[in-house]
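The sequence and the model are shown below.

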Amino acid sequence: GVQSLVACFMVVTTEFVSIATFLVGTIIAFAWICLLTFQNSDDMYQGAPANTGLDTFSRALDAMFVSGTTEGFVQRLLPTYTIYRSSGVLWLGFFGVVRVVL
């Protein structure tokens, strides 16, 4: 009855917390990597700095959260990919973990 319902709820809550923790940890790790990679970039993309949104940790964290959880990743990541094609490997790894695994 009620005990099995509570036990089921606890199992589901534990699984949810573990997945949410992994997602948040992944977003923080990739935000830090992006900050270190693009922080000192002086390149321009369509009149704006290519590292727009990736120049401070809080903005990089916001960009990674939006990119990982919504469909706004193209606007956030296109400037860096256009200027630095090798960053596609970084974005592929990020999306592989955040979108496919989770």
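## Packing of H1 and H2

In this predicted model, H1 and H2 pass each other in a right-handed crossing. The residues that H1 brings to this contact are Leu23, Ile27, Ile28, Phe30, Ala31, Trp32, Cys34 and Leu35, and they meet Phe57, Ala60, Leu61, Met64, Phe65 and Thr69 of H2. Sorted by class, the contact comprises 13 nonpolar residues and one polar residue, with no charged residues.

The two axes come within 8 Å of each other, and the crossing angle is roughly 130°.

## Packing of H3 and H4

Helix H3, residues 73-83, packs against H4 at an angle of about 155°, and the axes are 9 Å apart. The pair is therefore roughly antiparallel. The crossing of H3 with H4 is right-handed.

On the H3 side the contact is formed by Phe73, Leu77, Thr80 and Tyr81, and on the H4 side by Ser87, Gly88, Trp91, Phe95 and Arg99. Five of these residues are nonpolar, three are polar and one is charged.

## The nonpolar core

The largest nonpolar core contains 15 residues, and those with the most contacts inside it are Cys34, Phe38, Leu54, Met64, Leu90, Trp91 and Phe94. Two or more core residues come from each of helix H1 (2-38), helix H2 (57-69) and helix H4 (87-101).

Leaving aside residues up to four places away in sequence, Phe94 touches Ile27, Phe30, Met64, Ser67, Gly68 and Arg99.

Note on methods: Residues numbered from 1 in each chain as written. Predicted model: local features only at pLDDT ≥ 70, side-chain atom pairs only at ≥ 80, totals over all residues. Heavy atoms only, no water. Core = buried A, V, L, I, M, F, W, Y, C linked by side-chain atoms within 4.5 Å. Buried < 20%, exposed > 50% of the residue type's maximum accessible area, 1.4 Å probe, protein only. Helix = DSSP H or I, 4+ residues; strand = E, 2+ residues; numbered from the N terminus. Contact = heavy atoms within 4.5 Å. Axes fitted to C-alpha atoms, helices over the stretch in contact; angles between N-to-C directions. Parallel < 35°, antiparallel > 145°, perpendicular 65-115°, else oblique. Left-handed = near helix turned anticlockwise from the far one by under 90°. Nonpolar A, V, L, I, M, F, W, Y, C, P; charged D, E, K, R; others polar.
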